[in-house]
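I set down here, entry by entry, what I looked up in this structure. The sequence and the coordinates come before the notes.

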Amino acid sequence: MKIQVAPSILSADFGKLNEEIASVELYSDRIHFDVMDGHFVPNISFGAPVMRCVKTKLPLDVHLMIENPWKFFEDFVKAGADTIIVHSEACRDLKAILKEIRGLGVKAGVSIKPKTGISAIKGVLDLVDQVLIMTVEPGFGGQDFMEEMLPKIAGLRKCGFKGDISVDGGINERTAKLCIDAGANIMIAGSYIFKAKDRKKAIMGLRV
Ligand code: DX5
Ligand code: ZN
């Protein structure tokens, strides 16, 4: 599978968001958009009105770290989302929610926090285009990668999941390689890319 890089704009300078995106666009495959509500995770980031202002030709992945995510699907679709990723922990009827996302004409993704096992999502794998494995506790950029998450990636491939597997949190040149070896194909990285002196080099380094 082709390795893709998705810069997470959580670590970008929001005051010049479109310039920040332009600085990585040429070398990246998609843009990762972290939505946080201060309830599902202990931090607040941004919502659909900010996404609407984003100018990019790349697909936009929306990672919803919020309670009651279904209330906001339409807003994000209207704002230009290509994939909507929900947390299994935030959804009582995960199957219905994933079907609803696809019904809106966008791709569906599901994410699990570090303490959630892949058994929580095994029953919905045929309803998702992307599984996002959190490799840190969601909420903040700049945390250390949790190596204990690697078996989840291998486990998903063992189950026969052929869709995209993304990894999110603490991704750098070293940890990307571990994830790729385990079977992941989308590298989501925030601080590693946006804090790098040479962003192009940082992005290329994730495709190892
Ligand atoms: C964390 C977010 C991540 C975050 C990753 O809750 O889901 O996308 O931006 O940041 P880094 O790459 O700095 O760990
Ligand atoms: Zn994310």
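**Entry 1: Ser 45**

I placed Ser 45 in the loop between β2 and α2 (48-52). Helices (H or I, at least four residues) and strands (E, at least two) are DSSP runs, numbered from the N terminus. Apart from neighbours within four places in sequence, Ser 45 is in contact (heavy atoms within 4.5 Å) with Leu 10, Asp 34, Val 35 and Met 36. Is Ser 45 buried or exposed? I noted Ser 45 as buried, because its relative accessibility is 18%. Here buried means under 20% relative accessible area, exposed over 50% and partly exposed in between, with a 1.4 Å probe and protein chains only.

**Entry 2: basis of the values**

The model is predicted, so I note its limits: local features need pLDDT of at least 70, side-chain atom pairs count only at pLDDT 80 or more, and totals for chains, interfaces and linings use all residues. Residues are numbered from 1 along each chain as its sequence is written, chains are lettered from A and ligands numbered from 1 in the order in which they are written, and side-chain values use heavy atoms, with hydrogens and water left out.

**Entry 3: the sheet**

In what order do the strands of the open sheet lie? I read eight strands in the order β1-β8-β7-β6-β5-β4-β3-β2, with parallel pairing. At the edges are β1 (4-7) and β2 (31-36), each pairing on one side only. From one strand to the next, the twist averages 25 degrees. Two strands pair if DSSP finds at least two bridges between them.

I then looked at β4 (residues 83-87) and β5 (residues 107-112), which pair in the parallel sense over five bridges. His 87 stands opposite Ser 111 in β5. Helix α4 (residues 94-103) lies across β4 and β5 and runs at about 145 degrees to β5. Helix α5 (residues 150-158) packs on the sheet, where it touches β5, β6 (130-134) and β7 (164-168), and its direction makes about 175 degrees with that of β7. Axes are lines fitted to C-alpha atoms, for helices over the stretch in contact, and angles run from 0 to 180 degrees between N-to-C directions.

β6 and β7 run parallel and are joined by five bridges; Val 131 stands opposite Ile 165 in β7. In β7, Asp 164, Ser 166 and Asp 168 point one way and Ile 165 and Val 167 the other, and all are buried.

**Entry 4: ligand 1**

Which residues come nearest to ligand 1? Of the 19 around it (a heavy atom within 4 Å), I listed Asp 34, Gly 139, Asp 168, Gly 190 and Ser 191. An oxygen atom of ligand 1 is 2.5 Å from a side-chain N or O atom of Ser 191. A backbone N or O atom of Gly 190 lies 2.7 Å from an oxygen atom of the ligand. For the side chain of Ser 8, I noted an N or O atom at 2.8 Å from an oxygen atom of ligand 1. Taken alone ligand 1 exposes 380 Å², of which the protein buries 100%. Accessible areas come from the Shrake-Rupley method with a 1.4 Å probe; for residues, only the protein chains shown count as cover.

How values were computed
A polar contact is a pair of N or O atoms within 3.5 Å; within protein, one must be able to donate a hydrogen and the other to accept it, and residues adjacent in sequence count only if both atoms are side-chain atoms.
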